[in-house]
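Here are some notes from my pass through the model, as promised. Have it open beside you while you read.

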Amino acid sequence: MNTATSPAAGSFKTLTVRSEKAVLLVEISAPPMNLLGPELVRDLVSLIQQAEADSALRVLVFKSADPDYFISHVDVTQIKEYRQEAAKLVGEASIGLLFRRLSTSRLVTIAQIEGRVRGAGSEFVLACDMRFAARESAIFGQPEAGLGANPGAGGIQHLTRLMGRGRALEVMLSSEDYDADLAERYGWINRAVPAHALSDFVRSLAHRIARFPAGGLAVVKDRVNAIALAPIEDFRRDSDLFGEAMTKEEAQSQIQAAVKRGFQTRDPEMNLAHLLGEL
């Protein structure tokens, strides 16, 4: 591994990295509940830059240090700030474009999901090339409509292509939580795996892929993306619409009502769908 350009373990505040030959294991830790805020976005930008610069790397595996939350969703109090961090890599204030960069990267990305992954957290794992989730603990959701907004970081584009129109509308308009088995059946994830077997399964797959020639991996990703990945303009439009919606009185009123019930705090968000249904 090229240590001159490899992501260094001490260079991040919210990520812990460990290299295993051509595989980089990335653990997310942004207490108290892995909200996607400026620090996490800043670290993701730096990670992508460093990992892509290391020609020895083939595969990135993302997991969470928190058993209850993979990435909960964006920090709605710091939208401008985290968008500014994303712009440092993609040139535009949009985490949708940042996540899309993962999809177009030469690196193969795998999400190993335990706990809750909602909103932009769901959109992050959707941007990864593959998603595997613990059957007993993984929970998925796109709660934006419940707050008066739309998924703005790729969720609309990915979920519609993966699920079809009816299921995508069900998921996004209901703002409900979905367990790993149903997420698998709907196409949200590749497969649900028993929790005790998840880590070994993902690690084995990552190392198998990493042993193959880099050129072949990159060409396959490029050709699949040509068929299945939405144009960048569609990601940009969704991002703009989300930004506009979050400034409107309706969304601000819903957010304030949600905050009174514990929105963006750890325990109440264990059942976010129920919280939104009571607004």
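1. Start with the side chain of R131: one of its polar atoms lies 3.4 Å from the backbone oxygen of L126. A polar atom of that side chain is also 2.9 Å from the backbone oxygen of C128. Bear in mind that this is a predicted model.

2. Where does R131 sit, then? Its place is in strand β7, which covers residues 130–134. R131 is buried, yet it has no salt bridge. The nearest side chain of opposite charge belongs to D129, 7.1 Å away; a salt bridge would need the charged atoms within 4 Å.

3. As for the surroundings, leaving out residues up to four places away in sequence, R131 touches A111, I113, V125, L126, L162, W188, I189, N190 and R191.

4. Now helix α5, residues 155–163. Which of its residues are buried? G155, Q157, H158, L159 and M163 are. They pack against α3, α4 (120–127), α6 (165–174), α7 (180–186) and α10.

5. Helix α3 (residues 95–104) and helix α10 (residues 232–245) make an angle of about 145°, and their axes are 8 Å apart. On the α3 side the contact uses G96, L97 and R100, which meet I232, F235 and R236 of α10. By class, that is 3 nonpolar, 1 polar and 2 charged residues.

Note on methods:
Residues are numbered from 1 along each chain as its sequence is written. This is a predicted model: local features need pLDDT of at least 70, side-chain atom pairs count only at pLDDT 80 or more; totals for chains, interfaces and linings use all residues. Side-chain values use heavy atoms; hydrogens and water are left out. Axes are lines fitted to C-alpha atoms, for helices over the stretch in contact, and angles run from 0 to 180 degrees between N-to-C directions. Helices (H or I, at least four residues) and strands (E, at least two) are DSSP runs, numbered from the N terminus. Contact means heavy atoms within 4.5 Å. Ala, Val, Leu, Ile, Met, Phe, Trp, Tyr, Cys and Pro count as nonpolar, Asp, Glu, Lys and Arg as charged, and the others, Gly among them, as polar. Buried means under 20% relative accessible area, exposed over 50%, partly exposed in between (1.4 Å probe, protein chains only). Lys and Arg count as positive and Asp and Glu as negative; His and the chain ends are not counted. A polar contact is a pair of N or O atoms within 3.5 Å; within protein, one must be able to donate a hydrogen and the other to accept it, and residues adjacent in sequence count only if both atoms are side-chain atoms.
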